[in-house]
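Q: I'd like to learn how the words used for a protein model get decided. Please show me the model, then go through the terms one by one.

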Amino acid sequence: MDNLLLLVDAPVFSLQLLIDGLLAGAIFALAAYGMALVWGVMNIINITQGEFVILGGFVTLYLSYLGIHPLWGVPVSALALFIVGWGVYRLVIFRIVDRDLFISILATFGISILLQQLMNQVFGADIQNADPELGTLFLFNDDVAIANIKFVALAITIVTGALLMLFLRKSRIGQAIRATAQSARAARLMGINTDRVYATTYALNAALCGATGSLVVMTWVIHPFIGLIYTVRSFMIVVIAGLGNLAGVVVAGLGLGAAENFAGFLLGTEFQAAFVFSLLVIILVWRNYRLGKKRQYLQ
Amino acid sequence: MLKLTKNLILSLGTSLLTLGLVGSASAKVEGDTIVLGAAVSLTGKYTTAGNHTQRGYDLAVNRVNSKGGVTVGGKSYRLKVIYYDDESTPARGAQLAERLIKQDGVKFMLGPYSSGLTKAMAPITEKHKVPMVEGNGASRSLFNKGYRYLFAVLSTSEQYLQEAVNLAAQHAKASGKSPSSVKVAVAVENDPFSLDIRAGVLDDAKRHGMKVVVDDKLPRELSDMSATLTKVKALKPDILVVSGHSKGASLITRQAAAMRVKVPMLAITHCESAKVTDSQKFGNKAEGTLCATQWAPTMTYQDPWFGSAGDYAKDFKAAYGYVPPYQAAESTASVLVWVNALQKANSFDTEKVRDALAATQLQTFYGNVKFDATGKNIAKPMVLRQVQGGKYVVVAPAKWASHKLIHPRP
C-alpha cells in the first residue's frame, strides 16, 4: 500500500516502471514470435526456447571478446542459432513432429537440459554480460533512467516482426509454412515438402531466440541456467496472444513486461512471478468463458 | 523344509552382506592413506564455486602430504579425497553422501559447496554418525537442528552484512545524527543463505532503531532489479544491502550505475565470484561498494602448513593461476581442521575423532577455529572490504581495517 502511495506522490516513478517494463517486454516478445511460429506450424511447445536465447547470448558475448561491437551480435547470433536450430531439427525434432504434444514437451525438455550442461562445460557457469556502451537516457532530474539498448531492442523487435510478417505473406517458403500450418496433409498433397518447411520453421525460431539472447546479454545478464524464464515468458505471451497473431504477440509481450515491473514494485519482487502467473490464469478463465458464450450463440 | 532353506539362504545372504559392509567400512584408512570423502559441484549452477572448493581441498591435501602427512599412533599417514560430482542438486548430494559412506566406507567427510547441498547431506552423515567438516554451508538453519557430527569453519550467514549496518550506525553517530535516523533498504534473493543475511541485517537494524524502507525478496531466476531500484531511488535510503550470490552482485553493480541510484552505502555479498572489480566487465562501477568476505589475503593469521594468509594466496595463485576467493580458503581450512583433529584424537575411531573435532582450538591461515555446541565456528569474524581505486581494501572491523571507509560512495 505504501508503495502505491509512493506512486501517487511521485508519478514520475510510474513513468520509469512503465517505459522500462514496456521495453523489457519487447525483448520477451521477440522470443515469443518464434514460439508462436513453432507451436502454430508444428504443434510443438518448444521448451528449449530459453536455452536458445542463452546460447545466442553467449555467441554475442564471445563476439564482443573478439573486439566486435555486441550489436553485431544480433544478426550473427541469429545466423548461428539458425544453424543450431536446423541441426537440432535434423537430429531430434523431425522424429516428434507428428507425435502428441507430451512427447514433444519431453523431448525439448531433454534437449534443454543437455544444452544447459553443454553451455556450462563450454562457457562456464559464471554470470556474463556484454556492455554495448550505449549509455542511459535520463529524464526528469535522473528520476527516470532507461538504458538506450532497450530502445534499440524495441526497434529490432518491431522491424523483425514486420519482416517476419512480410516473409510469411510474400515468400514462397513463407507461404508454404502458412499452408502447412493450416493443414499439413493438404500441403503435402499439394506437393509441399513439409519436412523442409518444419526444418525452416524450427531454425527460424532458433534464430529469433538467438537475436533475443543477443539483446538479453546486452541488457541484463546471462548464465547457462537462466533460460527457463524466457521459455516461460514466451509461453505466456503466446497463450495470451493466441497462435498466428504476431501483432498480438508484440502487445502481449509489452503488456507482460509492464505488468511484471509494476507488480515487482507494488507487491515486492518476490510476488512478481506469482502475479504474472495469476494473470495468466485469469486470462485463460476469461477466454474460456468468452469462448463458451460464443459457442452458445453459434448454436 | 522349503521355508527353512529359504531362511537359511536369507540369513546367509544377510551375513555376507554385513561382512561386505564391515569389510568396506575399514576402508576409511587404506594402508598408509586416510580417505576423506566429498561431493562437490563440478557441473550445474555452482560449478565455479564447486571448483574453488575442490581446489581448496586439493591444495591442502598436497601440502599436508608433502609436509609429512598426518601422524596417528606414531605412524605417518597420507591424505586422499574421494570426489563425486553432485551436479549442484541437493538430491544428488544426499545420494552421494550415502554412497560415500556405505559403498566407499568413508568415515571422514568434507562438505559440499553451498548451504542447500550441505543441508541435504547433513542428515545422512548424521544418521551414519560420520563427522563432516565443511567450509561452504553458512546458513544458520544448519545449526539449529541439533546435529552432533557437523562442523563448520566459516562464519554463519546472518553475520555477513551485520557489520555494514553497524558501520552505517557509527557513521551516523560520527556526523552528529542518531543511528535511528538511518534508513535501510534490503534486497535479497529468496534462498536460505540470503534470507539469513536479511535476518541478520534486520536484527541489527532493529537494535539500532533504524527504519527499514525497502524489504524486497528477489526471485531465484532474477535477471532484472529495476523495480527494486526504482523503489530505492524513490525512498532514498542511507544504506542498501543486496545479496543474491554472484548474479545479484553483477546485477546490482551494473544496474545501480546504469540507473544512477545514489545511495551513500551499498553493501553486497559475492563480489569476488562476480568479479565486480574486473574493469573490462564493470568499468569502475563497483567503486565504493562494500563487500562481505569470510577471509582476505591481507589478514595476519598463521599456521604451520601454509604460513600466513598472504603465503596461502601466493601458493594458491601459483597452483591455479588466480587469487584464491574465500570459498577456496575455507575449504582448505576444513582439511586442516581434520588433520588437527585426527592427530589430537590419535585414533581413527569416529567417536574419538568427533570429540577431538568438537574440542578444536586452532589457528589456521584462514582464521581461528573453535566450534560451539552446534558445530559452528565462533572464533572468526566476518570482514568488510570496500572497493577503492579498483582494489579490495579492508575497512571493518577495526582490528583488521587497513583503510578508512569512503562515505558516501562516489
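A: Let's begin with contact: two residues are in contact if their C-beta atoms, placed from the backbone, lie within 7 Å. In α6(A), F167(A), L168(A), R169(A) and K170(A) meet G174(A), I177(A) and R178(A) of α7(A) by that rule. Keep in mind that this is a predicted model, in which local features need pLDDT of at least 70 and side-chain atom pairs count only at pLDDT 80 or more, while totals for chains, interfaces and linings use all residues. Residues are numbered from 1 along each chain as its sequence is written, and chains are lettered from A and ligands numbered from 1 in the order in which they are written.

Q: What makes α6(A) and α7(A) roughly perpendicular?
A: Look at the angle. Helices here are DSSP runs (H or I, at least four residues; strands are E, at least two), numbered from the N terminus. The axes of α6(A) and helix α7 (residues 172–182) of chain A cross at roughly 80° and come within 5 Å. Angles from 65 to 115 degrees count as roughly perpendicular, under 35 as roughly parallel, over 145 as roughly antiparallel and the rest as oblique. So α6(A) and α7(A) get the perpendicular label.

Q: How do the residues of the contact of α6(A) with α7(A) divide?
A: There are three nonpolar, one polar and three charged. Ala, Val, Leu, Ile, Met, Phe, Trp, Tyr, Cys and Pro count as nonpolar, Asp, Glu, Lys and Arg as charged, and the others, Gly among them, as polar.

Q: Why are α2(A) and α9(A) called roughly antiparallel?
A: Helix α2 (residues 12–42) and helix α9 (residues 194–219) of chain A have axes that cross at roughly 165° and come within 8 Å. That angle is what makes α2(A) roughly antiparallel to α9(A). The angle runs from 0 to 180 degrees between N-to-C directions, and the axes are lines fitted to C-alpha atoms over the stretch in contact. Their crossing is also left-handed, a word used if the near helix is turned anticlockwise from the far one by less than a right angle (right-handed if clockwise). Among the residues making this contact are L30(A), G34(A) and V38(A) from α2(A), plus Y198(A), N205(A) and L215(A) from α9(A). By class, the contact holds 17 nonpolar, five polar and no charged residues.

Q: How do you know that T157(A) counts as buried?
A: Count the neighbours. A residue is buried if 20 or more other C-beta atoms lie within 10 Å of its own, exposed if 12 or fewer, and partly exposed in between. T157(A) has 28, so it counts as buried. You'll find T157(A) in helix α6 (residues 148–170) of chain A. Neighbours within four places in sequence aside, T157(A) is in contact with A26(A), A29(A), L30(A) and V250(A).

Q: Why is N43(A) called partly exposed?
A: N43(A) has 16 C-beta neighbours inside 10 Å, so it lands in the partly exposed group. N43(A) sits in the loop between α2 and α3 (49–65) of chain A, and has a positive phi of about 55° although it is not a glycine.

Q: What makes R260(B) partly exposed?
A: With 13 other C-beta atoms within 10 Å, R260(B) is partly exposed because of that count. R260(B), which is not a glycine, has a positive phi too, about 50°. Find it in the loop between α8 (245–258) and β11 (265–268) of chain B.

Q: Why is helix α7 of chain B described as mostly covered?
A: Eight of the ten residues of this helix (residues 226–235) are buried. The buried ones include L229(B), V232(B) and K233(B). Just after α7(B), K236(B) takes a positive phi of about 45°.

Q: How many residues of chain A are in contact with chain B?
A: It's 36 residues of chain A with 29 of chain B. The largest share of chain A's side, five residues, comes from α2(A). That side has 18 nonpolar, 13 polar and five charged residues.

Q: Which domains is chain B divided into?
A: Domain 1 is 22–155 + 299–369, and domain 2 is 159–293 + 383–400, with bounds from an automatic or database domain assignment. Their C-alpha centres lie 31 Å apart. Twelve residues of domain 1 of chain B are in contact with eight of domain 2.
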